[in-house]
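Keep the sequence and the 3D view open as you read.

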Amino acid sequence: MTEHEERRVRKTLAWLDMAGRKAGTWAFLLNRLTGLGLLLYLLLHLGVLSLLAMGEMQWDAFIALARSPLFLVLDVVLIFGILYHGLNGIRVALVGMGIGVRWQKGIFWTLMGLGVLLLAITGWLVFTM
Amino acid sequence: MKQEMSDPVMAFDGNELWTIHYRVFRYKRSSGKPHYDKFNVEIAPHETVLDGLEKIWAFQDRSLTFRHACHHASCGSCGIRVNGVEKLPCIVPIREVTRDGGTVLCEPLRNFPLVSDLVVDLGQFYRRLEEAHFQIIRSSEPIERDEHESSNVHTRFENCIECGLCVSACPVSGTDGLYFGPAALAASWRMIQEPRGVDPLSVRSNADQEHGCWRCHVAFECSEVCPSNVDPAAAIMALRQDLLKRKLLRLFQRGDHDRA
């Protein structure tokens, strides 16, 4: 590994340096991780959709797999990623434009409370519908 | 007497000594890998973390390097991480961070080049403050003030003691070495508010860059650790709002010209 590459790895790992940090850095880290997760999901989603071009049998086999309990858990993880990234994104966009800076902690926890509520509802729907 | 005992400071016996295990980050350019050394220190609970470091230097290891000067949070030179959190050890009493028989972890600030043990190189940090044209004028010198602006807002940023704690706590400073950092951006906003002869346009254009105020990811860690209540995060957001307003205004003004 070259010195330049080593430095890049070290800087990326700096994301995970949580020693002494508070909710703001957890929010920052989780936003990045969910962002990467959603990007990965988008690529997988496009790959799965390409099964449609391979015929009915392949698609039906995937749908059967998608209804398994493990897949449903992954669905809930996906919903968590969408909710967290979207709701925290609202805070970042508002505060980043100088709106509600003084109340940013309250905005964050209110949005997270809303997120937990929405996650509970959608999680229940995923397993019962 | 009764009143003295109810005071949390006076509640400690003046002669009481605690045994504290200092775990101190060590690094010398000449001697290879960084490591931690352990020192046992007899210290009163009301004494500060810096007092303990000075005792280690005086009685146990003269090669331990750390910065200090004023001992009352004015000079900003002693900034380190105490138990992982950025602090000025000169104003942190031992009893605030541990108890008798406990451990105090002392590490250098993050996101700065390491020089030796607890000492980091703040050269780039000071240069960035200079790029923001940050200056403090003595109160005896006349300052032209806009009477419509709040003097409370002005005095807040006077409090920056340039200790670097904010840069160490900032997660973006850890990933982007070119990021100006919270202190320099707060200083920029300060100079825009009250230019003191500096051209605010040049301060704005300096801050309005990829590695300037737009690089902040709104973690607010800088404001959490600032020992002077400067609130650099709020200053960065105010700077962004100011720049955004100007950009939008320019956009619409340009539209008016096009239509004309």
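**A walk from pocket to cysteines**

The largest pocket has 29 lining residues, and those nearest its centre are Arg10(A), Arg110(B), Asn111(B), Phe112(B) and Pro113(B). Two or more lining residues come from each of α1 (3-13) of chain A and, in chain B, α4 (123-131) and α7 (171-175). Here a pocket is an open set of points on a 1 Å grid over the protein atoms alone, with protein on both sides within 12 Å along at least five of seven lines, and a lining residue has an atom within 4 Å of a point. Helices (H or I, at least four residues) and strands (E, at least two) are DSSP runs, numbered from the N terminus.

Before going on, remember that this is a predicted model: local features need pLDDT of at least 70, side-chain atom pairs count only at pLDDT 80 or more, and totals for chains, interfaces and linings use all residues. Residues are numbered from 1 along each chain as its sequence is written, chains are lettered from A and ligands numbered from 1 in the order in which they are written, and side-chain values use heavy atoms, leaving out hydrogens and water.

Back at the largest pocket, the volume is about 940 Å³, taken as the space filled by probe spheres set on the points, with grid points joined across faces, edges and corners. Domain 1 (2-120) and domain 2 (123-252) of chain B each give at least three residues to its lining; these bounds come from an automatic or database domain assignment.

Zoom out to chain B, and you'll count eleven helices and seven strands. Asp242(B) is buried at 14% relative accessibility. Beyond its neighbours within four places in sequence, Asp242(B) is in contact (heavy atoms within 4.5 Å) with Trp189(B) and Arg204(B).

Now for the cysteines. How many disulfides does the whole structure have? Zero, over all chains, where a disulfide is a pair of cysteine sulfur atoms within 2.5 Å. Take Cys170(B): its nearest cysteine sulfur belongs to Cys222(B), 6.5 Å away, and Cys170(B) is buried, at 8% relative accessible area. Cys213(B) is buried too, at 0%, and its closest cysteine sulfur, in Cys216(B), is 8.6 Å off, too far for a bond.

Terms used: Buried < 20%, exposed > 50% of the residue type's maximum accessible area, 1.4 Å probe, protein only. 1 Å grid on protein atoms, 1.4 Å probe; cavity = no way out; pocket = protein on both sides within 12 Å on 5 of 7 lines; lining within 4 Å.
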